Amino acid sequence: MTRSARRTRRMLQVAGAGAAALLTLSACSSSDSDSSGTGQKDSSTKGSSGSDKLSGEVTVFAAASLKESFSTLGDTFEKEHPGTKVTFSFGGSDSLAASITGGAPADVFAAASPKTMKIVTDKGDAAGTPATFVRNQLEIATLPGNPDKVASLKDLTKSGLKVVLCDKTVPCGAAAQKALDASKLKLTPVSYEQDVKSALNKVVLKEADAAVVYKTDVKAAGDKVEGVEFPESANAINDYPVALLKNAPNAKTAKAFIELVRSAEGQKVLTEAGFLKP
């Protein structure tokens, strides 16, 4: 073979090896790209798989004074999480606490005072530490137009005036008694009611001339009553704690509802209803 032929042969061998290397690199690059693309697709699929989707029913035991605002938040929660349902049981916090410790199935407890929440935590029926999410202040509810000219807490002690209070075991009743004691006033109501809505309703139905309830209840009643503020109420403000219950049937969705209550969106609904920020 001539020198020229040998040189030509070597050049062809080098060119062939280079082409093979380029094909190998191209295949590897294509494989890596496919692998990367598959990985991204899998990750995306996993993220939108719906594994974190909330569903099912959540049962909330809540103080009667939360009825309007929690009902609104319940509707909001159901719209934000299709497939969920929020069921409420409103009433006196002490009665609700007793039901929970007695074994009533519930996911969330929102009480009108730390004292009534303690009934549940002392029995070990709360999961974790309850968190205060709002506060509430007392106000006097009178008949529309305030015909009896009630202007102070002391005015409720007038002879012949029919006044209603919440039972002393209920947070609104305990707060009212605290305000009366601080003012050294004695008041004998015509009745003690088991929750704040019942006390307010006595005035709405004109079965009583006045009742000591929460500002939020006066606001919710609209023109059916007239509110009278009194300075002693500043010393009897109730903190409202909320807790996930230990044996919650739907703990995951219940936690999400509590998060809504404590969120900026939830706080806006609550403050518009007249509640104070924690």
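Visitor: What makes the span of helix α8 agree with its number of residues?

Guide: Helix α8 covers residues 251–262, 12 residues. The expected span is 1.5 Å times one less than the number of residues, so α8 should span 16 Å, and its end C-alpha atoms are 16 Å apart, which agrees. Helices are DSSP runs of H or I with at least four residues, numbered from the N terminus. This is a predicted model, in which local features need pLDDT of at least 70 and side-chain atom pairs count only at pLDDT 80 or more, while totals for chains, interfaces and linings use all residues. Residues are numbered from 1 along each chain, and side-chain values use heavy atoms, without hydrogens and water.

Visitor: Which residues of α8 are called buried?

Guide: T253, A254, A256, F257, I258, L260 and V261; buried means under 20% relative accessible area (1.4 Å probe, protein chains only).

Visitor: What makes a nonpolar core?

Guide: It is a set of buried Ala, Val, Leu, Ile, Met, Phe, Trp, Tyr and Cys residues joined through side-chain atoms within 4.5 Å. The largest here has 66 residues, with L66, F70, F133, L156 and Y240 making the most contacts inside it. Helix α8 gives the most to this core, 6 residues.

Visitor: Why are α2 and α9 called roughly antiparallel?

Guide: Helix α2 (residues 67–80) and helix α9 (residues 264–272) pack at about 150°, with their axes 9 Å apart. Angles over 145 degrees count as roughly antiparallel, so α2 is roughly antiparallel to α9.

Key:
Helices (H or I, at least four residues) and strands (E, at least two) are DSSP runs, numbered from the N terminus. Buried means under 20% relative accessible area, exposed over 50%, partly exposed in between (1.4 Å probe, protein chains only). Axes are lines fitted to C-alpha atoms, for helices over the stretch in contact, and angles run from 0 to 180 degrees between N-to-C directions. Angles under 35 degrees count as roughly parallel, over 145 as roughly antiparallel, 65 to 115 as roughly perpendicular and the rest as oblique.
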